Amino acid sequence: MVPQEHYLVLSAILFAIGAIGVLVRRNAIVIFMCIELMLNAVNISLVAFSKQMNSIDGQVFVFFIMTVAAAEAAIGLAIMVSLFRNKETLNVDEINLMKW
Amino acid sequence: MELILFYIFGGIAIIASLGLVSGKNPVHSALFMVVVFFVVAALFVLLGAEFLAAAQILVYAGAIMVLFLFVIMLLRLQKEELRNTSRHAFFAFQVVMIFRGGFFKGGKGSFTPDAVKGFGGNTEAVAAVLFTDYLFPFELTSAILLMAMVGAVVLTKKELK
């Protein structure tokens, strides 16, 4: 039996690594993967809570998060493909079209 | 035993996610990401969520990573340098500290391990909740997936006539 705090600490560590990756990396695809990592970290703590509370709702939330993550991956990668077609780069420092 | 497995999987997850963040080549990052997904699926099994473990492998390792690798190889990316990290790392630390304290306090549910066994397993228990209490959100996800499909086609089409 693993104490629930262990799962929460692991989840926090993975989330922190993902957050650092989003802020430190320049490649848009790698930033996107870091976002997926953060979603996974949150999923771990949702399932851990679901087990501790004897409730299935947490697992249902994880199911919905997975669905949204799949949709988001499809849209995000489509945006990157069209971005690369226009700018020839995925370096987020050079993608400053929206910057005034 | 369970604790040892947890530490093994947790260690692999942390090492692989560090590799994901620090790898120079996006393809290496993607392969580390596959490792993280599989290890998280293993953690779901440890937590008794077998359905989610299977869905995790099918959706993430199967579909999403193939999409990522496909786009990476399609776009022929050059190597990148890391940004000046100290300021950003400090900001990331602040973000983590904000999220750290939010421990959830709620009432206990009725799905004890015995009750889940009474349903016939984890998958059946998830289905019993998903198709009753969460039926409307479940139907909405089909709309989300349809929108994502249409959006991806529209975004990557060469020219709209």
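Me: How far apart are the end C-alpha atoms of helix α3 (residues 50-75) of chain B, and what span should its 26 residues have?
Reply: Helices here are DSSP runs of H or I with at least four residues, numbered from the N terminus, and the expected span is 1.5 Å times one less than the number of residues. For the 26 residues of α3(B) that rule gives 38 Å, which agrees with the separation of the end C-alpha atoms, 36 Å. This is a predicted model, in which local features need pLDDT of at least 70, side-chain atom pairs count only at pLDDT 80 or more, and totals for chains, interfaces and linings use all residues. Residues are numbered from 1 along each chain as its sequence is written, while chains are lettered from A and ligands numbered from 1 in the order in which they are written.

Me: What covers the buried residues of α3(B)?
Reply: A residue is buried if 20 or more other C-beta atoms lie within 10 Å of its own, exposed if 12 or fewer, and partly exposed in between, with C-beta atoms placed from the backbone. The buried residues of α3(B) include L52(B), I64(B), F68(B) and I72(B). Their cover includes α2 (26-46) of chain B together with α2 (28-52) and α3 (57-87) of chain A.

Me: How are α2(A) and α3(B) oriented to each other, parallel or antiparallel?
Reply: Axes are lines fitted to C-alpha atoms, for helices over the stretch in contact, and angles run from 0 to 180 degrees between N-to-C directions. The two axes come within 12 Å and cross at roughly 175°. Angles under 35 degrees count as roughly parallel, over 145 as roughly antiparallel, 65 to 115 as roughly perpendicular and the rest as oblique. The pair α2(A) and α3(B) is therefore roughly antiparallel.

Me: Which residues of α3(B) does α2(A) meet?
Reply: Contact requires C-beta atoms, placed from the backbone, to lie within 7 Å. From α2(A), the residues taking part are I29(A), M33(A), E36(A) and V47(A), and they meet, in α3(B), L52(B), I64(B), F68(B), V71(B) and I72(B).

Me: Is N54(A) buried or partly exposed?
Reply: N54(A) is placed in the loop between α2 and α3 of chain A, and its phi is positive, near 55°. Because N54(A) has 15 C-beta neighbours inside 10 Å, it counts as partly exposed.

How values were computed: Helices (H or I, at least four residues) and strands (E, at least two) are DSSP runs, numbered from the N terminus. Two residues are in contact if their C-beta atoms, placed from the backbone, lie within 7 Å.
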